[in-house]
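Dear colleague,

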Amino acid sequence: MNAQCVTAQLPVPQVIRFIHKPEKPKKTTSSPFLGDYEAQEYHQDPGNPERWAALLTRTFVEALQGNRPPNQLSRWVTSDIFRDLIEHRVVPQKATQALYPIRIKSSRCAEILPGVNEATVTFFDGYRFRAAALRIEAFRGRWLLTALELA
């Protein structure tokens with residue numbers, strides 16, 4: 001008869017630290033697009049959301065048409081939106097300016113959560129009037145474009 005040796009693996013005990021002073025809990029902000037990120041200790045005003053919504057829409061459409069380098073938007077949009085911009089943008093054959101510049105007609109904004117705004121922007125692209133719906137979130141003292149729909 002062969003005797004087999006069986007060794008049981010016991011779980012390693014966890015190290016528990018006792019701290020005299022409890023650590024100050026970090027303030028976190030939850031965002032559906034950015035996840036949980038640590039809130040800043042300083043509060044820097046990112047500016048007027050209606051103005052920024054109009055500005056971001058204009059620069060995004062110009063980059064989509066090929067009249068603006070898309071890298072100018074990399075700081076102001078999430079990586080998913082930037083990837084979509086690169087994928088859908090029109091690459092011009094030669095460097096030409098747009099026949100008609102983008103003209104913003106109206107911009108409306110509503111704060112749905114602290115630091116989160118949804119906006120609608122209507123604009124004229126030289127051929128017809130269009131609309132954009134976007135979500136901007138305050139992130140590190142600036143507005144970050146987290147969602148955009150163009151019609």
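In what order do the 4 strands of the open sheet stand? The order is β3-β4-β5-β6, and the pairing is antiparallel, where strands (E, at least two residues) and helices (H or I, at least four) are DSSP runs numbered from the N terminus, and two strands pair if DSSP finds at least two bridges between them. Because β3 (103–113) and β6 (142–150) stand at the edges with a single partner strand each, one side of each is left without a neighbour in the sheet. Within the sheet, β4 and β5 (residues 129–139) pair in the antiparallel sense over 9 bridges, and V116 stands opposite E137 in β5.

Please keep in mind that this is a predicted model, in which local features need pLDDT of at least 70 and side-chain atom pairs count only at pLDDT 80 or more, while totals for chains, interfaces and linings use all residues. Residues are numbered from 1 along each chain as its sequence is written, and side-chain values use heavy atoms, with hydrogens and water left out.

The pLDDT, which is the predictor's confidence in each residue from 0 to 100, has a mean of 77 for the protein chain, with 66% of the residues reaching 70 or more. Confidence is highest in β4 (residues 116–124), at a mean of 95, and lowest in β2 (residues 35–38), at 53. Over residues 12–25 pLDDT stays under 50. Where pLDDT is low, the predicted coordinates should not be read in detail.

Finally, W76 is found in the loop between α1 (49–65) and α2 (79–88), and its contacts (heavy atoms within 4.5 Å) beyond four places in sequence include W52, L56 and W143.

Best wishes
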